[in-house]
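Please keep the sequence and the structure in view while I go through a few places in the chain.

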Amino acid sequence: MFEKDLTKKMQDVVLEGHVAAKDVCREIKKPYSTLLRELNPFDSHAKLGAETMFEIVKATRNVSVLEFMARELGYTLMPVDGEPRKPKQTGTSKRIRRQAATM
């Protein structure tokens, strides 16, 4: 079950994160449809590779999946400098936030 939970968490990072999914795809150089298939926990024919997962974490700056993995293994995750990282914002998400603030 851990594998499906991990894949679901990655799916949430991409589809519900601060960085738009298409921006993540552009940054990691993977077609949108391919990434969505790899992120689908119920698709047994496409799997998310460790390298792609790492690229997604770097692109989104969302380490929640790493925290989940560490917790499952009995560890905690902490930045080297002790300061929490802020998610990277794209032009699209900045524009949406600006629009929401003016409503």
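A residue is called buried when its relative accessible area is under 20%, exposed when that area is over 50%, and partly exposed in between. With a relative accessible area of 35%, E67 is therefore partly exposed. This residue lies in helix α5. Please note also that what we are viewing is a predicted model.

Let me stay with α5 for a moment. The helix covers residues 64-72, and its buried residues are V65, F68 and A70. Which residue with a positive phi follows α5? It is G74, with a phi near 85°. As for E67, its C-alpha atom is 5.6 Å from that of L77, and the two residues are ten apart in sequence.

I turn now to the chain as a whole. The secondary structure consists of six helices and zero strands. Read along the sequence, this gives the pattern α-α-α-α-α-α. The chain has 103 residues, of which 29% count as buried. If we consider contacts between residues at least 6 apart in sequence, 59% of them join residues at least 24 apart.

The next topic is helix α3, residues 32-39. Its buried residues are L35, E38 and L39. Viewed down the axis of α3, these buried residues fall within an arc of 95°, so they line one face of the helix.

Which residues is E38 in contact with, once its neighbours within four places in sequence are left aside? They are T7, K30, A46, K47, L48 and T52.

Not counting residues up to four places away in sequence, T52 touches I28, K30, L35 and E38.

Helix α2 comprises residues 21-28, and helix α4 comprises residues 50-60. What is the angle at which α2 and α4 pack? It is about 120°, and the axes are 10 Å apart. That angle makes α2 oblique to α4. The crossing of the two helices is right-handed. On the α2 side, the residues that meet α4 are V24, E27 and I28. On the α4 side, their partners are T52, E55, I56, A59 and T60.

Is R26 buried or exposed? R26, which belongs to α2, is exposed, with a relative accessible area of 57%. The side chain of R26 is joined to the side chain of D23 by a polar contact of 2.4 Å. The C-alpha atoms of R26 and A59 are separated by 9.7 Å, although these residues are 33 apart along the chain.

T60, by comparison, lies in α4 and is buried, with a relative accessible area of 4%. A polar atom of the T60 side chain lies 2.8 Å from the backbone oxygen of I56.

Finally, I would draw your attention to two loop residues. K29 is in the loop between α2 and α3. Its phi is near 60°, a positive value in a residue other than glycine. K29 counts as exposed, at 74% relative accessibility. R61 is in the loop between α4 and α5. This residue is not a glycine either, and its phi is positive, about 55°. With a relative accessible area of 40%, R61 is partly exposed.

To summarise, this predicted model has six helices and zero strands. Helix α3 has its buried residues on one face, and α2 and α4 meet in a right-handed crossing. Thank you for your attention.

Conventions:
Residues are numbered from 1 along each chain as its sequence is written. This is a predicted model: local features need pLDDT of at least 70, side-chain atom pairs count only at pLDDT 80 or more; totals for chains, interfaces and linings use all residues. Side-chain values use heavy atoms; hydrogens and water are left out. Buried means under 20% relative accessible area, exposed over 50%, partly exposed in between (1.4 Å probe, protein chains only). Helices (H or I, at least four residues) and strands (E, at least two) are DSSP runs, numbered from the N terminus. The arc is that of the directions from the helix axis to the C-beta atoms. A polar contact is a pair of N or O atoms within 3.5 Å; within protein, one must be able to donate a hydrogen and the other to accept it, and residues adjacent in sequence count only if both atoms are side-chain atoms. Axes are lines fitted to C-alpha atoms, for helices over the stretch in contact, and angles run from 0 to 180 degrees between N-to-C directions. Angles under 35 degrees count as roughly parallel, over 145 as roughly antiparallel, 65 to 115 as roughly perpendicular and the rest as oblique. A crossing is left-handed if the near helix is turned anticlockwise from the far one by less than a right angle, and right-handed if clockwise. Contact means heavy atoms within 4.5 Å.
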